[in-house]
Structures are given as structure tokens and as C-alpha cells.
Amino acid sequence: MLKKQKIGLYIFLNIITLGIYGIFFWYRWTENVNKLCDGDDKDSANYILILILNAFSLGINIFVWNYQMGERLYQKAADYGVELKHGGLFIMIMRCLPIVSSVFKISYANKLIDAYNANAAAKEETEVVAE
């Protein structure tokens with residue numbers, strides 16, 4: 001079971017810790033996305049590595065990462081029977097407004113987490129009944 005992230009808590013703690021919580025949050029969020037999108041033959045890089053590479057790419061790498069993460073969620077949504085309105089390009093463009101981009105990424109992942117947890121619970125029920 002994956003735990004949903006709370007958007008308000010993320011924004012509050014990120015502001016209070018001057019962005020330090022954001023590094024931890026996005027690291028954990030990326031790990032969740034890797035679990036959600038397991039089987040798509042892609043694996044997102046460690047978020048801390050992304051931040052380091054971002055410094056050397058003059059800020060371009062974070063836009064690429066946002067596109068890739070948005071696209072992964074968008075493509076995997078159909079497997080879970082979830083409809084997402086926007087894909088990676090929208091998420092990448094919204095990166096110009098970081099809070100808006102964050103809200104979309106978190107809410108999209110939360111929708112998939114709900115479906116993932118429901119599938120896991122149904123699978124557990126099936127296994128128990130089979131025994």
C-alpha cells in the first residue's frame with residue numbers, strides 16, 4: 001500500500017523549511033511513481049541526482065524531469081482505469097508556476113495511488129479466498 005501525499009502539508013512544510021522538506025518530499029514522491037509505474041520499462045532517476053544535474057544544465061533538467069514524470073503518470077493512468085486531463089507537456093509548462101505544477105503532480109499521483117491501493121486490496125482478497 002502506498003501512502004497519499006497531502007498537498008497542503010507539502011506547501012506548508014516546504015515554506016517553513018525554506019525548501020529543504022521539498023527535496024525529501026520529491027525524493028519520496030519519485031519512489032512512489034516508480035512503484036506506480038512498475039512495468040513500463042522506465043525508472044526515474046533519484047531526485048537528488050536530478051537537482052545536482054539541474055545545476056549543471058542551467059535549470060533545464062528540472063523541466064525535462066517534470067515532463068517525464070507527467071508523461072509517465074499520464075500513460076500509466078489508463079492501466080489503472082483513471083483519467084488524467086493533462087500529460088507531461090502541461091506539467092512541464094506549469095513548472096513556470098512551481099506551486100501549480102506541484103499541485104498537479106501530487107494530485108495525479110494521488111489518483112493513481114488510490115487505484116493502486118484498490119487493486120492491491122482486491123488482489124489480497126482474491127488470494128485469501130483462493131486459500
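**Reading the model**

Author: Phe 24 lies in helix H2, where helices (H or I, at least four residues) and strands (E, at least two) are DSSP runs numbered from the N terminus. This is a predicted model, in which local features need pLDDT of at least 70, side-chain atom pairs count only at pLDDT 80 or more, and totals for chains, interfaces and linings use all residues. Residues are numbered from 1 along each chain as its sequence is written, and side-chain values use heavy atoms, with hydrogens and water left out.

Reader: Why does Phe 24 count as partly exposed?

Author: Buried means under 20% relative accessible area, exposed over 50%, and partly exposed in between (1.4 Å probe, protein chains only). Phe 24 has 45% relative accessibility and therefore counts as partly exposed. Its C-alpha atom is separated by 8.7 Å from that of Tyr 47, 23 residues apart along the chain.

Reader: How is a pocket defined, and what volume does the largest pocket have?

Author: On a 1 Å grid over the protein atoms alone, a pocket is an open set of points where a 1.4 Å probe fits, with protein on both sides within 12 Å along at least five of seven lines; lining residues have an atom within 4 Å of a point. Here the largest pocket has a volume of about 220 Å³. Its lining comprises 18 residues, of which Tyr 10, Asn 14, Trp 26, Arg 95 and Ser 102 are the closest to the centre. Helices H1 (7-16), H2 (20-36), H3 (47-56), H4 (60-80) and H6 (98-130) each supply at least two lining residues.

Reader: How many disulfides does the structure hold?

Author: A disulfide is a covalent bond between the sulfur atoms of two cysteines. The criterion is a pair of cysteine sulfur atoms within 2.5 Å, and the structure holds zero disulfides. As for individual cysteines, Cys 37 counts as buried because its relative accessibility is 0%, whereas Cys 96, at 58%, counts as exposed.

Definitions and conventions: Points joined across faces, edges and corners; volume = space filled by probe spheres on them.
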